[in-house]
Amino acid sequence: MLIGAAVCPCPPLLVPEVAAGAASEVDGLREACLAAVGELLGAELLVVVGTGAKAGVWTEGGVGSFHRYGVKRAVRLPSGGVDGPELSPSLTVGAWLLEQAGAQLPTHAVAVPADTAPERLLGLGEGLAELADRVALLVLGDGSARRSVKAPGYLDERAEGWDAAVAAALAAADTKALAALDPVLAAELQVDGRAPWQVLAGAAEGAGLGGELRYEAAPYGVGYFVASWR
């Protein structure tokens, strides 16, 4: 069953080598992420969930790199020695967070395409929660990338309200609110996290977890949230 979850955004700027001179600008975000991840280390099995160009599952280890950002830095999931296909960008950030937190527990990873239907994501989450007696999730995804005129997707007046609703759902561990997120509107608002959050909703349904919102901001016109469910 699911005993806890950490929800984190996945900008590569979390990694100081990638952020370079801007690394200090996300110090608070990085610290919040590591604090949330640190609470998961008592689980029997940890599953990292993020988006990917195509569906993928890693059960025997996995490797990701930041080469696409011009940084010669690779990270590996904390268990298993199989390289296999490269981790998706979001999962690579997750592997980096686990590395920084000193995680040593058995770890799987799951990539879900951003356009996956909610019912499939909810069913996936239910299945993940049944993989062990004490399962924890690290859920990676950003809010709307249309929060300001300087945002990657430019300003959309609906974006702030969308992100506020997501933040409230994460703070309250409201699985029904996350399950009800509209995939069409999420795509219009360039929301990366909708699919992973709905996996969390499926996994946490009936688990009786409470929520804590550790961070909420849009420093680059993209909504970032950090939450702990426990």
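The entries below go from the cores to the cysteines.

**Ground rules.** I am reading a predicted model, in which local features need pLDDT of at least 70 and side-chain atom pairs count only at pLDDT 80 or more, while totals for chains, interfaces and linings use all residues. I number residues from 1 along each chain as its sequence is written, and side-chain values use heavy atoms, with hydrogens and water left out.

**Cores.** I looked up nonpolar cores, meaning sets of buried Ala, Val, Leu, Ile, Met, Phe, Trp, Tyr and Cys residues joined through side-chain atoms within 4.5 Å. Buried is under 20% relative accessible area, exposed is over 50%, and partly exposed lies in between (1.4 Å probe, protein chains only). The largest core has 40 residues, and C8, L29, V48, F66, L97, L138 and V226 touch the most other members. Elements that each supply at least two of its residues include β1 (2-8), α2 (27-38) and β9 (224-229); helices (H or I, at least four residues) and strands (E, at least two) are DSSP runs, numbered from the N terminus. I find that α3 gives the most, six residues. A second, separate core of 38 residues includes A167, A173, W197 and W229.

**L29 and P11.** I listed contacts (heavy atoms within 4.5 Å). Beyond four places in sequence, L29 touches P9, P11, L14, Y215, Y224 and V226. P11 sits in the loop between β1 and α1 (16-19) and is buried, at 6% relative accessible area.

**Helix α8.** How many residues of α8 (194-204) are buried? I count 11 of 11, W197 among them. G206 follows this helix with a positive phi, near 80°.

**Cysteines.** I searched the whole structure for disulfides, taken as pairs of cysteine sulfur atoms within 2.5 Å, and found zero. C33 counts as buried because its relative accessibility is 0%. C10 is in no disulfide either, with the nearest cysteine sulfur, that of C8, 9.4 Å away. C10 is also buried, since its relative accessibility is 10%.
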